[in-house]
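Subject: The structure for you to look through

Hi,

Here is the structure I promised to pass on. Have a look at it first, and then read my notes below.

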Amino acid sequence: MITFMSPANPKSIWKLCFKNGKEMNDIFYEDAKPEEGQTLFGLTDYLALKVYINEDLEGFLLKKTIRHELMHIYLWENEKNNSLYNDDEVCEIMCIAAPLICNKTDEIISKIKKERRRKYEKLTK
């Protein structure tokens, strides 16, 4: 598990957890049956302040998914997640949020790499 400050509110500390496909489905669908062939890449639990990422993701798809979930956090913490926006409003949100989201993603990816490297070194000793 990795902790990080919200891109919108530095006082808000979130947790990023990696889960396998079954665990992701269990979290999202609860007692319902998932659609055939449905793959969940990421989920955001606003109440628990947790982001769940499919552990099979790497490279571009991992970064994209983290950015996507961080955008959910940004919109939710700025109370903009239940609104419809016109083009100018989306541009205004994105011009502020995009650099924050990208910087936070880079920070999280760095933590992921350190954690994976530490686990690998433990296994190879």
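This is a predicted model: local features need pLDDT of at least 70, side-chain atom pairs count only at pLDDT 80 or more; totals for chains, interfaces and linings use all residues.

The chain has three helices and four strands. Starting at the N terminus, the order of these elements is β-β-α-β-β-α-α. Along the principal axes, the C-alpha atoms fill a box of roughly 55 × 35 × 25 Å.

Let's begin with the inside. The chain has 125 residues, and 30% of them count as buried. The largest nonpolar core is made of 20 residues, and Phe4, Leu16 and Ile66 have the most contacts inside it. Which elements give two or more residues to this core? They are β1 (2–5), β2 (13–19), β4, α2 and α3 (87–124). Helix α2 gives the most, with seven residues. As background, nonpolar side chains in soluble globular proteins tend to be buried together.

You'll find it in strand β4. Is isoleucine 53 buried or exposed? Its relative accessible area is 0%, so isoleucine 53 is buried.

Now for the charges. I found four salt bridges in the structure. The general idea is that side chains of opposite charge can pair when their charged atoms come close.

- Lysine 22 and aspartate 26 meet through their side chains at 2.8 Å, N to O. They are four residues apart in helix α1 (residues 21–29), so about one helical turn separates them. Lysine 22 counts as exposed because its relative accessibility is 58%, whereas aspartate 26, at 41%, is partly exposed.
- Lysine 111 and glutamate 107 form a salt bridge at 3.9 Å, N to O. Both belong to helix α3, and because they are four residues apart, about one helical turn lies between them. Lysine 111 is partly exposed at 32%, and glutamate 107 is partly exposed at 33%.
- Glutamate 115 and lysine 119 pair at 3.6 Å, N to O. Glutamate 115 counts as buried because its relative accessibility is 15%, while lysine 119 is partly exposed at 47%.

One more thing about glutamate 107 and lysine 111: together with Lys104 they are linked in a network of salt bridges.

Which residues form the negative one? Glu23, Glu55, Asp56 and Glu58 do. Glutamate 55 lies in the loop between β4 (50–54) and α2 (59–77), and it counts as partly exposed because its relative accessibility is 39%.

The positive patch is formed by Lys63, Lys113, Lys114 and Arg117. Helix α3 supplies the largest share of that patch, three residues. Lysine 63, on the other hand, has its place in helix α2. With a relative accessibility of 30%, lysine 63 counts as partly exposed.

That's my tour, so over to you!

Cheers

Conventions
Residues are numbered from 1 along each chain as its sequence is written. Side-chain values use heavy atoms; hydrogens and water are left out. Patches are made of residues with over 30% relative accessible area and no salt bridge: like charges are joined within 9 Å, nonpolar side chains (Val, Leu, Ile, Met, Phe, Trp, Tyr) within 5 Å. Accessible areas come from the Shrake-Rupley method with a 1.4 Å probe; for residues, only the protein chains shown count as cover. Lys and Arg count as positive and Asp and Glu as negative; His and the chain ends are not counted. The place of a charge is taken as NZ of Lys, CZ of Arg, CG of Asp or CD of Glu. Buried means under 20% relative accessible area, exposed over 50%, partly exposed in between (1.4 Å probe, protein chains only). A nonpolar core is a set of buried Ala, Val, Leu, Ile, Met, Phe, Trp, Tyr and Cys residues joined through side-chain atoms within 4.5 Å.
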